[in-house]
Amino acid sequence: MIELTLGPHYGFSLLFLKFSKVYGPVFTLYFGTKPTVILHGYEAVKEALIDHGEEFAERGSFPVAEKINKDLGIVFSHGNRWKEIRRFTLTTLRNLGMGKRNIEDRVQEEARCLVEELRKTNGSPCDPTFILGCAPCNVICSIIFQNRFDYKDQDFLNLMEKLNENMKILSSPWTQFCSFFPVLIDYCPGSHTTLAKNVYHIRNYLLKKIKEHQESLDVTNPRDFIDYYLIKWKQENHNPHSEFTLENLSITVTDLFGAGTETTSTTLRYALLLLLKCPEVTAKVQEEIDRVVGKHRSPCMQDRSRMPYTDAMIHEVQRFIDLIPTNLPHAVTCDIKFRNYLIPKVIETHFHGSSDMQNRGDLECDSTCADSLHLHDKEHNFHCVCTVLDMTTFFIRENGCVQERA
Ligand code: HEM
């Protein structure tokens with residue numbers, strides 16, 4: 001029985017590493033009764049995702065979420081429906097990124113509120129988990145509903161509470177177990193029922209917001225994600241097969257909250273912890289911020305190319321925390337011959353992402369480097385131990401995480 005602990009040096013990650021040493025980078029494991037192909041290591045994952053991106057793009061099954069999402073939304077939908085909603089989401093995020101009040105403005109506004117909130121602690125010891133969760137959630141609120149919320153707003157607190165609880169349930173051993181034996185979902189009580197209740201609560205709230213948007217919609221001046229979707233919905237009104245239904249809107253938006261909040265807040269939380277553990281790295285990051293950004297304005301995307309050390313530090317944090325080591329499950333869209341193995345359409349594929357981040361031939365990395373950030377300086381071209389992280393963490397399911405592609 002596999003130990004279902006998360007993290008780079010436990011559970012699946014360690015297990016996959018051990019198996020790959022014996023069986024090579026492509027092997028099959030049975031999760032419950034389900035045979036699953038594991039692709040381990042940079043070369044195999046790159047070959048699948050880049051050279052055969054289209055074939056490996058299908059979403060594998062995730063029974064607990066499928067029951068709730070009914071093949072709608074963006075994260076757990078399939079085929080043409082997924083393609084259409086994904087295309088629309090990426091275009092809309094790009095449009096919102098370029099408008100009068102663009103996503104960068106929204107992030108800057110939220111960052112100022114976050115700093116203000118942290119300042120209130122007067123440097124005394126505190127647990128920043130809650131506040132670091134609020135900031136990314138609020139940026140997504142601002143993209144979806146146009147406005148951010150006050151951190152004490154009751155609707156906002158309810159939304160956060162349900163999202164947080166669901167993330168815990170989704171990463172629990174019980175949910176993994178239900179994925180292996182889906183029959184349990186229908187016949188056993190357990191936290192999956194709380195998951196469903198929370199999702200319905202979030203969706204009801206979103207439907208209220210959608211109704212408010214319908215009443216104040218100006219098609220010539222879309223304010224946020226919901227407005228763009230409603231315009232598309234109206235345009236497709238005459239198409240009985242349209243994917244753009246109100247139900248799909250509420251599920252897609254719930255997906256965006258689910259996918260974007262915990263990932264970003266965990267990254268921020270661990271970045272803070274690791275910077276505390278590595279004062280020499282913190283000092284260099286601070287020096288670069290002071291030199292490039294200064295003290296009188298907010299950092300912006302244009303600064304990124306002039307801040308190689310900070311950029312490398314953020315990538316290194318992501319490599320280190322190994323947030324989604326097995327990625328979300330994929331499936332192939334057709335039978336495919338891959339490295340002399342035949343992978344049939346019905347078989348699920350897992351990319352062992354952390355393996356790419358930990359080991360790549362030309363980068364100096366010891367995969368057991370577990371207790372500090374490893375930043376190398378080669379003639380001032382700073383890079384973290386694995387610069388392929390962009391590809392492994394985000395660049396998956398043909399084109400991976402939407403925030404990286406938007
Ligand atoms: C540090 C932050 C983040 C990390 C590490 C991360 C990582 C990932 C990963 C590994 C996937 C799976 C890709 C695949 O299926 O192969 C994914 C998918 C996704 N992410 Fe992110 N993500 C982050 C932030 C965000 C944010 C801020 C948003 C939204 C605003 C977002 C929205 C999504 C969506 C919608 C998907 C599903 C894409 C699809 O199936 O087509 N993510 N993300």
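This is a predicted model: local features need pLDDT of at least 70, side-chain atom pairs count only at pLDDT 80 or more; totals for chains, interfaces and linings use all residues.
The crossing of helix 4 and helix 12 is right-handed. I start there, and I'll come back to the rest of the protein in a moment.

Helix 4 covers residues 79-98, and helix 12 covers residues 246-277. Their axes come within 12 Å and cross at roughly 65°. That makes helix 4 roughly perpendicular to helix 12. Which residues make the contact? From helix 4, it is Arg 81, Ile 85 and Thr 89. From helix 12, it is Asn 248, Thr 252 and Leu 256. By class, the residues of this contact divide into two nonpolar, three polar and one charged.

Now the overview. The protein has 406 residues, and 47% of them are buried. The secondary structure comes to 17 helices and nine strands. Take the contacts between residues at least 6 apart in sequence: 65% of those join residues at least 24 apart.

Back to helix 12, with its next partner. Helix 6, residues 129-145, packs against helix 12 at an angle of about 145°. The axes are 8 Å apart. The crossing of helix 6 and helix 12 is right-handed. Helix 6 brings Thr 129, Leu 132, Gly 133, Pro 136, Cys 137, Ile 140, Cys 141, Ile 144 and Phe 145. Helix 12 answers with Val 253, Leu 256, Phe 257, Gly 260, Thr 261, Thr 264, Ser 265, Leu 268, Arg 269 and Leu 272. How do these residues divide by class? The contact of helix 6 with helix 12 has 12 nonpolar, six polar and one charged. Note Leu 256. Leu 256 is in the contact with helix 4, and Leu 256 is in the contact with helix 6 too.

On the helix 12 side, the contact uses Thr 266, Thr 267, Tyr 270, Ala 271, Leu 274 and Leu 275. On the helix 14 side, it uses Met 313, Val 317, Gln 318, Phe 320 and Ile 321. The residues divide into eight nonpolar, three polar and no charged.

Look at one residue of that contact. Ile 321 and Thr 266 are 55 residues apart in sequence, yet their C-alpha atoms are 8.9 Å apart.

Two other buried positions. Ala 196 sits in helix 10, residues 191-216. At 15% relative accessibility, Ala 196 counts as buried. Ala 196 and Lys 67 are 129 residues apart in sequence, and C-alpha to C-alpha they are 8.7 Å apart in space. Then Ser 179, in helix 8, residues 173-180. Ser 179 is buried as well, with a relative accessible area of 10%. What does Ser 179 touch, leaving aside neighbours within four places in sequence? Lys 34 and Pro 63.

Lys 34 takes us to the strands. Strand 1 is residues 26-31, and strand 2 is residues 34-40. Strand 1 and strand 2 pair in the antiparallel sense, over six bridges. One example: Thr 28 has Val 37 of strand 2 as its bridge partner. The hairpin has two residues between the strands, and there Gly 32 takes a positive phi near 65°.

Asp 71 has a positive phi of about 65°. Where is Asp 71? In the loop between helix 3, residues 63-69, and helix 4. Asp 71 is partly exposed, with a relative accessible area of 29%.

Arg 339 has a positive phi near 50°. Arg 339 lies in the loop between strand 5, residues 336-338, and strand 6, residues 341-343. With a relative accessible area of 31%, Arg 339 is partly exposed.

To close, back to helix 12. With helix 6, the angle is about 145°. That's it from me.

Notes:
Residues are numbered from 1 along each chain as its sequence is written. Side-chain values use heavy atoms; hydrogens and water are left out. Two strands pair if DSSP finds at least two bridges between them. Helices (H or I, at least four residues) and strands (E, at least two) are DSSP runs, numbered from the N terminus. Axes are lines fitted to C-alpha atoms, for helices over the stretch in contact, and angles run from 0 to 180 degrees between N-to-C directions. Angles under 35 degrees count as roughly parallel, over 145 as roughly antiparallel, 65 to 115 as roughly perpendicular and the rest as oblique. A crossing is left-handed if the near helix is turned anticlockwise from the far one by less than a right angle, and right-handed if clockwise. Contact means heavy atoms within 4.5 Å. Ala, Val, Leu, Ile, Met, Phe, Trp, Tyr, Cys and Pro count as nonpolar, Asp, Glu, Lys and Arg as charged, and the others, Gly among them, as polar. Buried means under 20% relative accessible area, exposed over 50%, partly exposed in between (1.4 Å probe, protein chains only).
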